[in-house]
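Me: I would like to go through this structure with you. Could you take my questions one at a time?

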Amino acid sequence: LHDALPICLIHFYKRDCCRMHPLVRLLPRAVGAQGQRQASFLGGIFGAGEKKNGIATEATFDWNPYKLHKLDDGPATSCTLDREEALRIYREMVTVRRMETAAANLYKEKQVRGFCHLCSGQEAIYTGMKAGIREQDSIITSYRAHGFTYVMGVPVLGVLAELCGKKSGVVRGKGGSMHMYAKNFYGGNGIVGAQVPLGAGIAFAHKYKEDGGVNFSLYGDGAANQGQVYEAFNLAKLWDLPAVFICENNHYAMGTSQERHHGGESEFFKRGDYIPGIWVDGMDVLAVREATRFAIDYCSVQKKGPLVYEISTYRYHGHSMSDPGTSYRTRDEVQEMRKTRDPITGFRDRIVSAELAEPSEIKAIEIEVKQQVDADVKKAKGDGQIGEEELFFDIYENNLGGKVRGIFSTDRHEHKKTQ
């Protein structure tokens, strides 16, 4: 019967009848892997708000249930979204996608040297998490960091210029693809899995300072067998740290399918064993947002300790730009994912169906974003590099050691704090 129902059911309702709690509405969602409700990944629309000039001011959406481990209650599976926030979310995801396309082109033009790991296809994770966190919360991730860098406050030019090694880059061209930072965003980390214990340390700092913050540390399915990941789990549980460990599962690690590189339990949200876990559909931006809000309530408000998340997603590019991404999967598979599971087109269809936006508005956003990113590409290409002397600047917050040693023991260079 369910399969015969249309994807979207729209009913008009009074403006305040489905208002959510300011943080999150917690609903009983003890749904196991076998008991998960079958539904389109697009979810449904079961409410449209008041209209103004023929456009809805808000709508209520639902989506697939989460899978839970050692939890009786899970995140909300429905929420009310207003028009302004819907358009902001769409613009942000489109910007990340367009920025990554520009980065790929710059790499092919040899404007970008070294490593370049793109996140096209995973935009719902970055936008969804940013929409759910608060000012005091923090994020640390792997080397696939461009999307987070942008949503955490760095402009497109700061990302693209950094990739090109130019002085307009977020760290003046000294970091490159894997080392970008922003307020409460601790990077881009190049060592597989190393960000997880660092995230536990940041969570410890939140607890020590009593600032109410929660740390979210993300790692890939390829890093899920790292020993340091489980050491971090153990300490976080031992000290009940406000830490959320997130396996950003794009299913192919560096180029090996999940089924081939994990010999045991492949449900990564259960890997914390005695730490509760949740599986999240990472192609649904609203599901990610509500899961993030649930984690904040669990770890910060209720102070119940850490959580382990698995956010299931998909990357369209290879592991990095040097990987064509077709030796371990077919082009047809990638195209099928783009066609049926894309987080951006899926969200676009939902908000248009809910009458939160006109197709013409959506098209105008896409055109404007393309023009803005193209302009930033031009600026990045025309920008200059820092001087050699600046390579030794901003190493220390408070330099107590005088001049900085260079390549040879007799080399000494001036140190300055410029940021």
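**Salt bridges, cores and surface**

Reply: Aspartate 374 is partly exposed, as its relative accessible area is 38%. Please note that the model is predicted.

Me: Which residue forms a salt bridge with aspartate 374?

Reply: The partner is lysine 370, and the closest N and O atoms are 2.9 Å apart. Lysine 370 is partly exposed, with a relative accessible area of 37%.

Me: How far apart are lysine 370 and aspartate 374 in helix α11?

Reply: They are 4 residues apart in that helix, so about one helical turn separates them.

Me: And how many salt bridges does the structure hold?

Reply: There are 19 salt bridges. One of them joins the side chains of glutamate 361 and arginine 83, at 2.4 Å from N to O. This pair links distant parts of the chain, 278 residues apart: glutamate 361 lies in helix α11 (residues 359–382) and arginine 83 in helix α1.

Me: Are lysine 183 and glutamate 135, which also form a salt bridge, buried or exposed?

Reply: Lysine 183 is exposed at 61% relative accessible area, and glutamate 135 is exposed at 57%. Their closest N and O atoms are 2.7 Å apart.

Me: Which residues are linked in a network of salt bridges?

Reply: Glu85, Arg88 and Glu92 form such a network.

Me: Changing topic: how many residues does the largest nonpolar core have?

Reply: That core has 78 residues, and Leu160, Phe216, Tyr309 and Phe347 have the most contacts inside it. Helix α1 (residues 83–108) gives the most to this core, with 12 residues. A second, separate core has 17 residues, including Val196, Ala203, Ala236 and Cys247.

Me: What does tyrosine 309 touch?

Reply: Leaving out residues up to four places away in sequence, its contacts include Val244, Phe245, Cys247, Phe269, Ile278 and Phe294.

Me: Now the outside. Which residues form a nonpolar patch on the surface?

Reply: The patch consists of Phe204, Tyr208, Leu235, Leu238 and Trp239, which together have about 580 Å² of accessible area.

Me: Why does leucine 238 count as exposed?

Reply: Leucine 238, found in helix α6, has 59% relative accessibility, and exposed means over 50%, so it counts as exposed.

Me: Finally, what share of the chain counts as buried?

Reply: Of its 419 residues, 53% count as buried. The accessible surface of the chain comes to about 19300 Å², and carbon and sulfur atoms account for 51% of that surface.

Conventions. Residues are numbered from 1 along each chain as its sequence is written. This is a predicted model: local features need pLDDT of at least 70, side-chain atom pairs count only at pLDDT 80 or more; totals for chains, interfaces and linings use all residues. Side-chain values use heavy atoms; hydrogens and water are left out. Patches are made of residues with over 30% relative accessible area and no salt bridge: like charges are joined within 9 Å, nonpolar side chains (Val, Leu, Ile, Met, Phe, Trp, Tyr) within 5 Å. Accessible areas come from the Shrake-Rupley method with a 1.4 Å probe; for residues, only the protein chains shown count as cover. A salt bridge is a side-chain nitrogen of Lys or Arg within 4 Å of a carboxyl oxygen of Asp or Glu. Helices (H or I, at least four residues) and strands (E, at least two) are DSSP runs, numbered from the N terminus. Buried means under 20% relative accessible area, exposed over 50%, partly exposed in between (1.4 Å probe, protein chains only). A nonpolar core is a set of buried Ala, Val, Leu, Ile, Met, Phe, Trp, Tyr and Cys residues joined through side-chain atoms within 4.5 Å. Contact means heavy atoms within 4.5 Å.
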